[in-house]
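Subject: Structure handover

Hello,

Here is the structure for you to look through. Please open it beside this email and follow the residues as they come up.

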Amino acid sequence: MEPTPENMKHLANFLSQTLLPDPAVRKQAEHQLSAAKLQPGYAGLLLHLVVQADFPAEIRLQGAIQFKNLINQHWEANEHSDFQLPEADKVIVKRAIVGAMMAVPEKLQIFVSDALGTISNADFPLDQKWPELMPQLMQSLASQDPSIVIATLRTTHAITRKYRTASQTEVLWNEILFMLKQTHDRLLSTHTSCIALAQQSAGNKPILELLFQTLEIVAKIFYDLNYQDIPEVFEDNLAIWMDGFHQLLTLPEPIKALFVQGDDEKLTSMHQMQRSVCEAILLYADKYIVIVDDGNRSTRSDERPVFQKHLGTFVEDVWALLTQLGVQPQFDRLAVSAIRFLSSVLKGTHY
């Protein structure tokens with residue numbers, strides 16, 4: 001099923017019919033799409049349509065949902081279905097999906113990212129089934145286009161977020177170390193350069209919006225990669241990371257004045273970023289104030305302070321942040337993250 005204009009037209013037509021109010025028409029279209037998924041090349045055709053900007057937004061959205069469901073349900077055989085996508089289709093999808101993440105609007109990235117997470121859980125880095133993934137991402141992360149950088153970070157987070165819930169094993173730890181070799185230096189560079197640019201762009205809200213979106217995802221990836229254990233490369237560069245987080249929690253007044261929370265249901269980009277920073281330092285307060293080595297992953301002394309020396313600074317930062325938050329319900333999740341950090345410190349014995 002090649003992505004010819006005729007095939008694309010037929011697919012778009014079926015997708016549009018699934019949105020019509022007539023249940024008989026919808027059911028027939030869904031039947032056609034269900035049959036089409038068994039055809040070789042269908043997954044690639046669906047992804048190709050999602051990327052094409054000349055199709056109506058609602059058709060692309062429906063296509064993105066269908067693509068996510070197809071990947072989640074049929075990338076591997078499971079108890080609910082014996083059908084598995086052919087290997088040739090998997091190759092096509094893996095070659096195209098990173099570029100698709102860079103090309104589609106944010107509203108569609110959610111679905112493409114979900115599918116990419118499913119694929120990475122199955123194929124990356126297991127047996128090097130997807131060796132081109134990380135080189136592609138690191139090349140994109142070096143882009144001068146902020147939208148590409150943000151899309152790249154979202155893609156990376158789709159891969160790394162599984163480390164928050166996965167069982168701790170040596171295989172998993174080796175995978176995290178592999179990821180760190182590929183990503184850490186570039187992530188740290190993005191972290192520091194965005195913070196520096198934010199300080200220089202105090203009066204430019206559009207630029208700051210992009211920078212805060214970027215820094216929010218960097219903080220989430222930081223959390224992912226540190227959740228299982230503290231990697232040595234993060235410990236070696238901890239002062240740089242923590243100084244950056246400190247600056248993000250204590251932004252100058254001219255910047256904060258641009259991000260006053262209105263009646264919108266969604267938090268401003270600045271506050272969403274600060275919530276992710278609070279979650280990152282909470283992780284360290286919970287797990288890494290003092291490290292007691294078991295001898296398996298380090299040759300350093302048996303006990304050493306890691307996050308302890310940063311506690312005083314962040315207690316002051318987070319308390320000041322809390323006192324500045326308004327009473328709007330949009331602030332609830334940020335306030336909860338901040339309070340959890342302070343509670344974690346108070347429960348400990350190192351401050």
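**A buried aspartate**

Asp-317 lies in helix α15. Helices here are DSSP runs of H or I with at least four residues, strands are runs of E with at least two, and both are numbered from the N terminus. Before going on, note that this is a predicted model: local features need pLDDT of at least 70, side-chain atom pairs count only at pLDDT 80 or more, and totals for chains, interfaces and linings use all residues. Residues are numbered from 1 along each chain as its sequence is written, and side-chain values use heavy atoms, with hydrogens and water left out.

Is Asp-317 buried or exposed? Asp-317 counts as buried because its relative accessibility is 6%. Buried means under 20% relative accessible area, exposed means over 50%, and partly exposed is in between (1.4 Å probe, protein chains only).

Which residues does Asp-317 touch? Leaving out residues up to four places away in sequence, Asp-317 touches His-246, Leu-249 and Thr-250. Contact means heavy atoms within 4.5 Å. Take His-246: it is 71 residues from Asp-317 along the chain, and their C-alpha atoms are separated by 7.1 Å.

Val-315 is also found in helix α15, which covers residues 311–324. Val-315 counts as buried, at 15% relative accessibility. Val-315 and Ala-338 are 23 residues apart in sequence. In space they are 9.4 Å apart, C-alpha to C-alpha.

**Helix α6**

Helix α6 runs over residues 106–123 and has 18 residues. From its first C-alpha to its last it reaches 25 Å, close to the 26 Å expected at 1.5 Å a residue. That expected span is 1.5 Å times one less than the number of residues.

The buried residues of α6 include Leu-108, Phe-111, Val-112, Ala-115, Leu-116 and Ile-119. Gln-109, Ser-120 and Asp-123 are among the buried residues too. What covers them includes α3 (42–51), α4 (57–74), α5 (87–103) and α8 (146–160). An α-helix has 3.6 residues a turn, so residues three or four places apart point the same way.

Now pick out Ser-113, which is in helix α6. Ser-113 counts as buried because its relative accessibility is 9%. Beyond residues up to four places away in sequence, Ser-113 touches Met-101, Arg-154, Ala-158 and Arg-161.

**Two buried loop residues**

Leu-267 lies in the loop between α13 (253–256) and α14 (269–287). Leu-267 is buried, with a relative accessible area of 12%. Its contacts, not counting residues up to four places away in sequence, are Gln-261, Gln-272, Gln-330, Phe-331 and Leu-334. Leu-267 and Ser-113 are 154 residues apart in sequence and 22 Å apart in space, C-alpha to C-alpha.

Ile-230 sits in the loop between α10 (205–226) and α11 (232–236). Ile-230 is buried, with a relative accessible area of 8%. Ile-230 and Val-306 are 76 residues apart in sequence. Their C-alpha atoms are 9.7 Å apart in space.

**The whole chain**

How many helices and strands does the protein chain have? It has 16 helices and 2 strands. Its radius of gyration is 23 Å, close to the 20 Å that the globule rule gives for 351 residues, so the chain is as compact as a globular protein of that length. The radius is taken over C-alpha atoms, and the rule is 2.2 Å times the number of residues to the power 0.38. The C-alpha atoms fill a box of roughly 65 × 50 × 35 Å, taken along the principal axes.

Of the 351 residues, 49% count as buried. Of the contacts with a separation of 6 or more, 69% come from residues 24 or more positions apart.

Best wishes
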